[in-house]
Amino acid sequence: MQLLSYTEAHHRFRKRLREFLSTEVSPCVDQWEKDRIVPKSVWRRMGQEGFLCPTVSADYGAIGGDFLYSVIVSEELARTNHSGLFAQLHSDVVVPYIDAFASREQKAKYLPGCVSGELITAVAMTEPDAGSDLAGINTTAEEDGEEVVINGSKTFISNGINADLVIVAAKDPAVENPYEALSLYIVEDKTPGFKRGRHLDKMGMWSQDTAELFFTGCRIPKANLLGTKGQGFSMLMQKLQQERLVTSVCAQAAAEMMLEWTTNYCRQHTDAAGKPIAREQAAQFALVEMATDVKLGRTFLDKLIVEHMAGENVVVETSMAKYWITDLAKRVSQQCLDLHAEFGLTEACPVARAFRDTRVMPIFAGTNEIMKQIAGKFMGL
Amino acid sequence: MDFNLSKAQKQIQKAAWEFARGKFDREMILARSLTQSFPRRILEEAGDLGFIGIHFDEAYDGGGLGSLEHVLVSETLCRKDSTLGSALMFAGYGAEFLLRFGDPELCKKHLPSVANGRTISTGAFLENPGHDPGATAATGEKTESGWCINGVKQFVPFADQADFYIVLCRTDSRTSAAKDGLSLFLAEAGRQGIQVNKPCDNLGGRMIGFAEVSFADVHVPHSNMIGTEGTGYSHLQRFLLENRIQIAAMALGTAQGAFDRALAHVRQRRQFGKTLAEFPVTRHKIAEMAARIEGARYLTYCAADGFDQGRATHRDSAMAKLMAARCAMAVTDEAIQLLGGYGYMTEYEVEHFYRDAKHAEIFQGPPGVQKNIIADELIGKPGPGR
């Protein structure tokens, strides 16, 4: 039974996207992995083809679709086995802050560029001393006449090098309660006082430009406040559900992809006894167990997508899904490598890259420990 | 827990740790891992200090000690750094065959320079992933002056740096059991007909680049045969028994090194007004990691000690490798998680311990292979089936 009601239009969109990715993205992935970044031009191409911000209104040039379009983009991008072109982060995590909380003027100014790919976005929450604990954010935003002055440093910011717009979480030092002190601001590239730090070297996601960002006396117009002052926490909380759901979609798609490659590998290659690996009992059981886990993940996820689209509060289940499905992807990556034997130890095996790339999933978008904390809290434990 | 190590054994551990602390520069290691280059100078220094070939006879410039001492050095160096530590320990990979099965002349010729860290040796057995050595296709043909080797070997560690290869070849295709017709040869890197392909881009073990090596009409003298004709398979099995214990030791050190870094991190990192070490779940994670490491250490030391006492079994060595590598995967994985975003960053090191743990888990047979070895010894080999 299909839980998600994909229409013909959705299927056409997926087909068109898959073709686009196979001709304009997949052939470049190895080079981008070496370069540690993707060119901005591919973002523009994604925009031109209508693959960015699919849920933004058609008034801003987007396709004005439902969340299923976002799911399709996440799934299809996962099949390219790289995370440099992190369109999901842009379309489904960062831009929704603008879409939901920005003023009409701000939307008119920024959304068309977000949709076309002229403006690549990032969100800057994490700091060297504030990871899971957002109340520990030390970046300050102080009003000075018609301007706001931002000071502080952010780290592990995805799309950090390519970003043209950064949504920065900063606190008003005059407000004591950290939960009431936080606000979100839009900082444009080239604003004096906004500098990029190091492009960080990571285990995986090589083509993804994760970076440090520094704000030193960075002055932005007061009009760049996003939403209401002091509502930063509440806005983050509202949008984190979708961020975690999208992370789950990416992890689920990655697990499905690794299993598909590995199953094919086991069908096509023989074991030490000369028998196809897939005909070996132990390998069969391993593949069946993984396939079962992957199906469980898919069923849970699709149900959550339906509920999320219906506007239901699924914070507990989303936290559960984020932790369980990202752990699933990690586990599948580890077990799939074993089935490739020595080949799995080389980067020529696609699962090797996926093994490195998926390991961040149980950490980002809120660590899996935080997911359990949140679920426990909302379960009334 | 204490394995009742002798004073001398503890001194070896301490000396290896001091050496690693002094010479294992993090920046150098990270830079070389990226380009897959091995610092031979450090191998020479390790050789000068007696950490290479500690289990070789003294007549060959070795330390005259046993497998357990070798384990202690492997564990300690990998604890300081899993990538460089395992590479240093793999530099004598092929020499193990000489040590155990080679005739004294050949040993005298090659082993001292291995023990001194001047020579890198390797083994060329695999012909495809998960290869059964009994199905070896490479051939060794008798000539007037010696043997002529032909064949292509895959996943040869240190392939582009090795000074000599130990090559498994079929020397008799008429025997009824395929494994009876195999022999091992030493082929020096300079011999005509040896071609090393570009090393693979490794997931882990990035200082022991694998490569394909092809042997086309490579001539070696009679004296380069290891042991006698037809003993290749059984020697390889005996080598693997000992080598699995060493891989277990590397995995153990890898786990311990990641644990050390995770423990230091949770003690110092503050979130929500306290250190991570104060959170109950963190404490349980640390406890679980420590318990796994102690279990792996016990199996590894026992297997090595058994080997030294002449009680070596395939079962013990496969159990040590299975459980130490599993421990290394679980501990390095949890270490990354405890470090959070930092754990995923190259400069915080635990990410390469995780990749190196996976390398140890798959190299010389993934978990399924180890379980087959254990089960074959516990139950007996399965019948041919229908």
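1. The largest nonpolar core has 250 residues, and those touching the most other members are Tyr185(A), Val167(B), Phe185(B), Ala187(B), Ala251(B) and Ala324(B). A nonpolar core is a set of buried Ala, Val, Leu, Ile, Met, Phe, Trp, Tyr and Cys residues joined through C-beta atoms within 7 Å. A residue is buried if 20 or more other C-beta atoms lie within 10 Å of its own, exposed if 12 or fewer, and partly exposed in between, with C-beta atoms placed from the backbone. The greatest contribution to this core, 16 residues, comes from helix 8 (residues 232-268) of chain B. Helices (H or I, at least four residues) are DSSP runs, numbered from the N terminus.

2. On the basis of the coordinates: this is a predicted model, in which local features need pLDDT of at least 70 and side-chain atom pairs count only at pLDDT 80 or more, while totals for chains, interfaces and linings use all residues. Residues are numbered from 1 along each chain as its sequence is written, and chains are lettered from A and ligands numbered from 1 in the order in which they are written.

3. Which residues does Ala324(B) contact, leaving aside its neighbours within four places in sequence? They are Ala248(B), Ala251(B), Leu252(B), Ala296(B), Leu299(B) and Thr300(B). Two residues are in contact if their C-beta atoms, placed from the backbone, lie within 7 Å.

4. Helix 4 (residues 67-80) of chain B packs against helix 8 of chain B at an angle of about 35°, the axes being 7 Å apart. Axes are lines fitted to C-alpha atoms, for helices over the stretch in contact, and angles run from 0 to 180 degrees between N-to-C directions. The crossing of helix 4 of chain B with helix 8 of chain B is right-handed, a crossing being right-handed if the near helix is turned clockwise from the far one by less than a right angle, and left-handed if anticlockwise. Among the contact residues are His70(B) and Val71(B) of helix 4 of chain B and Ile245(B) and Gln246(B) of helix 8 of chain B. By class, the contact has seven nonpolar, nine polar and four charged residues. Here Ala, Val, Leu, Ile, Met, Phe, Trp, Tyr, Cys and Pro count as nonpolar, Asp, Glu, Lys and Arg as charged, and the others, Gly among them, as polar.

5. Val71(B), in helix 4 of chain B, is buried because 30 other C-beta atoms lie within 10 Å. Not counting residues up to four places away in sequence, Val71(B) touches Ile245(B), Gln246(B), Ala249(B), Thr300(B), Tyr301(B) and Ala304(B). Asp305(B) is 234 residues from Val71(B) in sequence and 9.7 Å from it in space, C-alpha to C-alpha.

6. Chain B comprises domain 1 (7-115), domain 2 (121-230) and domain 3 (234-379), with bounds from an automatic or database domain assignment. The C-alpha centres of domain 2 and domain 3 of chain B are 30 Å apart. Nine residues of domain 2 of chain B contact six residues of domain 3 of chain B, and the side contributed by domain 2 has six nonpolar, three polar and no charged residues.

7. Between the chains, 33 residues of chain B are in contact with 34 residues of chain A. Helix 12 (350-362) is one of the elements giving two or more residues to the chain B side, and helix 12 of chain B gives the most, with four. That side has 16 nonpolar, 12 polar and five charged residues.
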